[in-house]
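Please look at the sequence and the model shown here before reading on. The report begins with the whole chain and then turns to particular contacts.

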Amino acid sequence: MLEKIAPFFIGFIILCIIAEAVYSAKKKLGLYEIKDTWTSIYFGILGVVTRIAFKGINLLFWIWLAALTPLKIETSVLSIAVLFLLNELIYYWFHRWSHEIPILWATHVNHHSSVKMNFSVAARTPFLNAIYHILFWIPLPLLGFSPLDILAVETISFFFAFVQHTTVIPKLGFFEWFLNTPSHHRVHHAMNEEYINKNYGNVLIIYDRLFGTFKAEQHQPVYGITKNPIRRNIVNITLHGWKELNKKS
Ligand SMILES: [Zn+2]
Ligand SMILES: [Zn+2]
């Protein structure tokens with residue numbers, strides 16, 4: 001199923017980027033900058049390649065873990081709903097620790113390397129986190145969820161995060177309470193003091209509200225990272241996190 005819908009998602013993403021760039025040019029909004037966009041595309045290609053490579057390994061690992069446990073959960077609407085909520089909880093801590101633990105931040109910082117906020121920024125996936133990503137999802141196959149269900153829920157949730165990367169979608173009223181909307185994710189990408197290390201959610205914002213990391217968008221966000229602003233050289237951006245880690249140790 002995922003092989004069939006993935007090309008649709010990727011096509012949709014490319015169309016959205018083109019539409020937003022054209023809209024920005026027509027309205028003179030300055031949302032895109034050519035070099036910055038090429039950097040995002042470079043990380044997008046690296047991200048897709050590593051994700052495809054590691055998905056096979058992830059799936060085999062989850063199948064092996066699922067065979068170890070006596071627990072078995074049959075696929076149903078309820079099991080998918082519970083799996084979705086658990087996947088969101090795991091993503092929340094995976095993302096939060098990617099900010100709080102220096103060695104994980106060294107890979108995640110790629111995603112925060114742009115001073116722009118547009119759909120292309122979503123492509124700046126921290127591709128090296130595929131190495132440790134697998135460890136966070138270990139509880140799900142051990143609880144008895146089907147590895148194919150885990151893969152489907154995790155991948156579809158991952159694609160949803162794309163639509164959060166824009167400044168052209170305003171606040172969404174009622175949905176702001178439980179969804180990680182573009183407004184909430186703009187806060188996550190901002191370096192304003194009050195916005196730092198906030199809004200780690202994936203599809204939902206409920207775990208940020210629960211664990212005290214929620215912040216609503218109140219002032220105009222300034223995008224990027226506070227320390228050692230990254231020059232827009234692809235190699236420099238890729239190695240930036242590791243260089244910073246090396247300096248500290
Ligand atoms: Zn982040
Ligand atoms: Zn983001």
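## The chain as a whole

Buried residues make up 31% of the 249 residues in the chain, where a residue is buried if 20 or more other C-beta atoms, placed from the backbone, lie within 10 Å of its own. This is a predicted model, in which local features need pLDDT of at least 70 and side-chain atom pairs count only at pLDDT 80 or more, while totals for chains, interfaces and linings use all residues. Residues are numbered from 1 along each chain as its sequence is written, and chains are lettered from A and ligands numbered from 1 in the order in which they are written.

The chain comes to ten helices and zero strands, with helices (H or I, at least four residues) and strands (E, at least two) taken as DSSP runs and numbered from the N terminus. A compact globule of 249 residues would have a radius of gyration near 18 Å, and the chain agrees with this because its own value is 18 Å; the radius is taken over C-alpha atoms, and the globule rule is 2.2 Å times the number of residues to the power 0.38. Along its principal axes, the C-alpha trace spans about 55 × 45 × 35 Å.

## Helix α7 and helix α2

Helix α2 (residues 34-68) packs with helix α7 (residues 147-160) at an angle of about 140 degrees, their axes being 9 Å apart. Axes are lines fitted to C-alpha atoms, for helices over the stretch in contact, and angles run from 0 to 180 degrees between N-to-C directions. That angle makes α2 oblique to α7, since angles under 35 degrees count as roughly parallel, over 145 as roughly antiparallel, 65 to 115 as roughly perpendicular and the rest as oblique.

On the α2 side the contact is made by Lys55, Leu59, Trp62, Ile63 and Ala66, and on the α7 side by Pro147, Ile150 and Leu151, where contact requires C-beta atoms, placed from the backbone, within 7 Å.

## Helix α7 and helix α3

The axes of helix α3 (residues 77-100) and α7 come within 10 Å and cross at roughly 60 degrees, which means that α3 is oblique to α7. Here Ile80, Leu83, Phe84, Asn87 and Tyr91 in α3 meet Asp149, Ile150, Val153, Glu154 and Ser157 in α7.

## Serine 146

Serine 146 lies in the loop between α6 (139-142) and α7. Is serine 146 buried or exposed? Serine 146 is buried, because 20 other C-beta atoms lie within 10 Å. Threonine 75 is 71 residues from serine 146 in sequence, and the two are 7.3 Å apart in space, C-alpha to C-alpha.

Methods
Contact = placed C-beta atoms within 7 Å. Buried ≥ 20, exposed ≤ 12 C-beta atoms within 10 Å, placed from the backbone.
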